[in-house]
Amino acid sequence: MTTSDKNEKNCAQPAMHTPPVLSPQAWEDARQQMLEKEKAHSKARDALAAERRRMPWMAVEETYAFEGPRGRVSLRELFEGRRQLIVYRAFFEAGVFGWPDHACRGCSMVADQVAHVAHLNARDTTLVFVSRAPQVDIARLKARMGWDIPWFTLTDGFDADFGVDEWHGTNVFYRDDDNRIFRTYFINNRGDEQMGGTWNYLDITPLGRQEVWEDSPEGYPQTPTYKWWNWHDNYAEGAAPDRKWVEVSDAGEAAFRNQEDDTRA
């Protein structure tokens, strides 16, 4: 690169004004200050999730149908017997940029970030994607992109009724003991940017993470923190937590609490 080229590049892009470089102790002091703010943010996020669990529900009276790999299914059947259902509307259909080789770039970014759904399933929660594309195209797309997310075809006005006919969005539903279905929450726009991880999905559901530390209404299902965690291929319905994992997680939590106490001292 010539001197002229370098000068032209420097003129086109201003120099970065990077933060100061500190000693290890000064850097740690700065990190602790930031950590206090991050802890406050986490507590505020937990409080918001607790408030979300107390939001009113909306009864879903309409019957909706979807096409799946094994034929037509109802909205109730999308739950796969679980209590909670999360439905993300992904744009993959004629007229969408990328069709027929790709889904929408933004929706594809979401799909690329989805954690293994077995962890959601272990918390009585099902996640599905829905689009207008036929199943043959969805199957081809999933194979090409390496996605295992259950993905169904819209056949009626579900997308219009739940605010996702012209833009992406995530709807959350709950099924009670009488098989009644309720819409409990909805996010779109930048809210969808936070989705993909198991915790963020559970935080927008009516039952939450279902761990004992959560502030949830009386009677909500809750189990000891960490104990239900497992390898995604090792969950067994109704199985008690592995004894060794209980010991490991208890020791880890105790060490964490001790560290917290030492920091406050």
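**Helix α6**

I began with α6 and listed its buried residues: Q135, D137, I138, L141 and K142. They cover an arc of only 155° around the axis, so they sit on the same side of α6. I note here that I am reading a predicted model.

Next I turned to the opposite face of α6, the one turned away from the buried side, and found the exposed residues V136, A143 and R144 there. What lies over the buried residues? The cover includes β2 (65-68) and β6 (151-154). Just after α6 I noted G146, which takes a positive phi of about 75°.

**Helix α4**

Which of its residues are buried? I have C107, S108, V110 and A111 on my list. Seen down the axis of α4, these buried residues fall within an arc of 155°, so they line one face of the helix.

The face of α4 turned away from that buried side carries R105 and M109, both exposed. I also looked up the packing partners: the buried residues of α4 pack against β4 and β5.

**The nonpolar cores**

The largest nonpolar core has 28 residues, and the members that touch the most others are V114, L127, F129, W151 and Y201. I went through the elements that each supply at least two residues of this core: β4 (84-89), α4 (105-112), α5 (117-121), β5 (125-131), α6 (135-145) and α8 (198-203). Which element gives the largest share? My friend α4 again, with three residues.

Leaving aside neighbours within four places in sequence, L127 is in contact with I86, V114, V117, L120, I149, P150 and Y201. I also found a second, separate core of 17 residues, with Y64, F79, L154 and I181 among them.

**The largest pocket**

For open space, I went to the largest pocket, with a volume of about 950 Å³. Its lining takes in 30 residues, and those nearest the pocket centre are A122, W228, W229, N230 and Y235. The elements that give two or more residues to this lining are α5 and α8. Of the elements, α5 gives the most, with three residues.

How does the lining of the largest pocket divide by class? I wrote down 14 nonpolar, ten polar and six charged residues.

**The cavity**

How many cavities of 30 Å³ or more does the structure hold? I found one. About 40 Å³ of space lies in the largest cavity. Its lining is made up of R52, R53, M55, W57, T184, Y185, I204, T205 and P206. By class, I have five nonpolar, two polar and two charged residues in the lining of this cavity.

Where is P100? I placed it in the loop between β4 and α4.

Then I noted D124, which is not a glycine and yet has a positive phi of about 60°. D124 is found in the loop between α5 and β5. Its relative accessible area is 26%, so I put D124 down as partly exposed.

I located N179 in the loop between β7 (169-175) and β8 (181-188). With a relative accessibility of 31%, N179 counts as partly exposed.

I finished with N121, which is found in helix α5. Is N121 buried, exposed or partly exposed? At 23% relative accessibility, it counts as partly exposed, since buried means under 20%.

Which residues are in contact with N121, leaving aside neighbours within four places in sequence? I found R82 and T126. I also checked N121 against L207: the two are 86 residues apart in sequence and 13 Å apart in space, C-alpha to C-alpha.

Technical notes:
Residues numbered from 1 in each chain as written. Predicted model: local features only at pLDDT ≥ 70, side-chain atom pairs only at ≥ 80, totals over all residues. Heavy atoms only, no water. Core = buried A, V, L, I, M, F, W, Y, C linked by side-chain atoms within 4.5 Å. Buried < 20%, exposed > 50% of the residue type's maximum accessible area, 1.4 Å probe, protein only. Helix = DSSP H or I, 4+ residues; strand = E, 2+ residues; numbered from the N terminus. Contact = heavy atoms within 4.5 Å. 1 Å grid on protein atoms, 1.4 Å probe; cavity = no way out; pocket = protein on both sides within 12 Å on 5 of 7 lines; lining within 4 Å. Points joined across faces, edges and corners; volume = space filled by probe spheres on them. Nonpolar A, V, L, I, M, F, W, Y, C, P; charged D, E, K, R; others polar. Arc of directions from axis to C-beta.
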